[in-house]
Amino acid sequence: MLRKFIYFLFVLLLVQSTDFASTKGRIKGKVVDQQTGEPLIGANIIVTGSSFGAATDLNGEFILLNLDAGTYELKASFIGYRSVTIQDVRVNSDLTTYLTFELPSEDITTETITVMAEKALIKRDATSSVRIADRESFENLPVRGVNNVIALQAGVVSDNGIRIRGSRTDEIGYYLDGVNITDPVANSATENAAGDGRLVSIGNDAVEEVQVETGGFSAEYGGANAGIIRTQLRTGGTELHASFEYFTDNIAFQSKDDFFDQEKRLGTYWYGQNTSSFVLSGPLFSNKVKFFYNLEYNFNRTSTRKGYDPVNLGLIQMPDDVDEADNVIPGDAVDFNYPGGVFFNDQDESYSHAATVLLDLNPISLRLGGTFATSEFQVGANGLQTMLRKRNGIDDVTDGTVNLRMTHVLSPKMFYEITAGYAFYDWERTDQYLGDDFWAYGDSVANANAGAFWVRTEKDMLISSRNGRYIQPAALDIYGFAFSRENSIPVNYLKRNRASINFKGDFSLMIGRHHSVKIGGEFQQYTIRNWDSRSQFNYAGQLSRGELTQEQILYNAGVNNYGYDVLGNEVDDDFFYGPKKPVFAGVYLQDKIEYSDIILNLGVRFDYFDTDNLTFVDPARPELAFTSVATSGELLEDGWKKVEAFSGVSPRLSVSFPVTDRTVFHAGFGKYVQQPSLGDLYTGVHNWAYQIGGGFFFSAPVAVNLQPTRKTHYEIGFRNQFTDFLAVDLTAYYDDIKDQVQFRLQRTDAASPYKAYTTLSNSDFATTKGLELTLTMRRYERVAINASFTFSDAKGTGSYPNSNSGIIGAPLDGVTIFTPQYISPLEFNRPYQGNVNIDYRFGPNDGPAFLHNFGVNLLARFNSGHPFTRGVGGRNLETDGRDRRPVEPLGASMTPSGFQVDLKVDKTFNIWDKLNANIYIRVLNLFDARDVLDVYKRSGDAGDDAYISDPSLGGVLVDTYGSEYEELYKTLTFSRNGFYSNARQILFGVRLEY
């Protein structure tokens, strides 16, 4: 009965107003007589340049409920009193800004009274941990980009993606203008070319504010366990505004033709970074229509900024060999010379657009917003062993979102909001010469016709197996290391497409002076398509022999297709090949109760997840789903069934105790559920058959029936404002996480022709706890300070889904499968980390004339290392868990700690009237610190894997080949291993603003 009622409520909400990931903030205030402090009843308050306004009640109080995040100017007036205007009033999404207007009597002779609002140091109505970075933060910081700003917030770790409070990367929800833009598939860079959890790209200058809510978010948010990251796009103001910014790291202004003739200047290399950003905003025809537009262009000639030294080993010539017919086979040779600082073929280029239009038709307002971005990346040819390859793979990525939000104010205390949104992400990887014609990748004639000639060496000509139209020139063999040839195929073709539609809405009502009730719901459906396959350079040869059809070749390669047929043609409504159309939906009821001494946030949420996936009728008998010949392409529909949908209820409770205007205690409890990354869940049926029947070990398999991960969250803390300009926030938390994804072995029936196979299940669990401290100092005597410190302890049975793949792939006794039952430190946990940002700035007429509008911003970041486990094994110890045995308890060792400083120095000049120029220099990693990001598990060192120095391992090869082999091994293994942080980079920029 209860479930029927919940379903009825859900449908009703979708019809009337469909979730609201709240983008609205509000202003509460009071208007009083300046001399007596008595409340003024019926005073008028208006938001300048808009139709928003309110009147004070019997207590002289007013409330403005539905304001987008941003800064506003408010004016209060009352008969017999002078009007007062407060400028730069900052409104944050889903939070309350408090104001008091003190109106002087008309008897007092004075000019127009204008007051500059001060940013609140503590948010008294924030009942959970909310960190806010507004536009000013983005402009002054030395670092740039949304993810870099997010990484500065307490509780956030940037480690192969954003992590919050010891979470995995797929446990975060991302919102843009209230629309969910989380990529449900991405759990690593293999699933999303950008390598993060957002479906769309966002330019730096398009952002009004970013809110990072860690742990205790309210019932209006679902589908995430660790935290919510909300980004709000800017809205146009009442005046025309334009700006243009350009910066580059080409501080010597060299020609691009000299790029690979690298020399260090000011202790840094030139990486070929150029960024331009254009902004135009303001009213359109009248203040009832406001627009904002941003175009950002980014170009990087090399995206890797490690500051590597040049390498020149000279000509390495392998000795000649003799075949069975006594023919001399010349040895391969490589002239090993690589420039410093950069990587070949590592270029990326992107354009991003963002726009909003606000139409004020009081009592209805419409807001149209969206983004659109295109990016192109060079891939497949940027390492030392591909240094000879001149051919690139190209990643073309297009993403965007559009949303329309309608807000209807029914009364000063009641409004509803309806939002419809669409987001998409397209990724296609192609060859530089042959594009998407992967059937021709292995055809030398097709390659030559496209301009990529396969040159055969004398060695190739003497070995028959290396010749032929459909045989790609073999890699050069230098002491067992394979060096790719100049025009060898760099990539396999793939395409991935994701799109989502969102219908959201909520109804907000103020009941009396204390209750803010919200009821809302969301419906989100994705359409997800994928096509990729293995070993495409072999296809032309197989096809030329006429023994196999195109379909059979792809079956044998384990083609991974859904939303496309086997050949890559888009299909719909096919039982096996149709696109995945998961549905995520939810409804919630929430009441925010505000009294002067207590604020309660009470809520309950109902979530519904339907992954639209197929699973085996009997996992122990795969032959019921496809024939005993797994790659034959024969699928048996009766052996499959749909995965059942999941639904659940999550209560949330958080509370804030404003002891005084300057001291607030807060606490929270909540239950959360989240569908694990669909990247662990989705695969094409032929790829699934290939994995199960191929007889190979797969270290990253997929599952077909994963249930949501569950979390129970506890939090307590306090905020205190010590002075008019200094405040701290101290928060402690504890999270209990169950049903995370874990690698396991699926046994098969004794009568099945299939052997046991690897898959994933909901078996991991974790506990995370920690302490977060933030310090905020409002600008005082020209200095503003923001600092955060995080102490955390994250432990679990696995750091990622295939943590225990080695144990399953090669158990110590060859038989026993070990499933972790005890927690150990998670690999991405950092016991402590923090940052301090100091901004010292002169105002327009402050200090000596030459220091007017001059500022210095210093950002210091520090962190402990992360846990790792020392191990022993063979050559592949670092890359294959089956070749590794631990020599200590899991997570018993730590990598070294790190410390870096970034600097920005800028000065603004007035050029003409309202036209200003801001000139700046940014220095990233000022002291060129080389923080260690990772180490070798055998040695615990970032610069030596202890393989070559072991007489029983690599030492044998040194004895055989000599010192030249040792030098080559160290160069290829250590000199570009990526175990160190980025080197110093200096950027010069100018920003014109009108």
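These notebook entries record what I looked up in this predicted model.

**Conventions.** I number residues from 1 along each chain as its sequence is written, and I use heavy atoms for side-chain values, leaving out hydrogens and water. Local features need pLDDT of at least 70 and side-chain atom pairs count only at pLDDT 80 or more, while totals for chains, interfaces and linings use all residues.

**Helix H11.** I looked up H11, residues 963–974, a helix being a DSSP run of H or I with at least four residues. H11 has twelve residues and spans 16 Å from first to last C-alpha, close to the 16 Å expected at 1.5 Å a residue (1.5 Å times one less than the number of residues). Its buried residues (under 20% relative accessible area, 1.4 Å probe, protein chains only) include Tyr965, Leu968 and Phe974. Among the elements covering them I noted strand S19 (311–317) and H10; strands are DSSP runs of E, at least two residues.

**H10 against H11.** H10 (residues 954–961) packs on H11 at about 135°, with the axes 6 Å apart; axes are lines fitted to C-alpha atoms over the stretch in contact, and angles run from 0 to 180 degrees between N-to-C directions. Leu957, Val958 and Tyr961 of H10 meet Ser963, Tyr965 and Glu966 of H11, contact meaning heavy atoms within 4.5 Å.

**Cores.** Of its 50 residues, Ile150, Val210 and Ile229 touch the most other members.

How values were computed
Core = buried A, V, L, I, M, F, W, Y, C linked by side-chain atoms within 4.5 Å.
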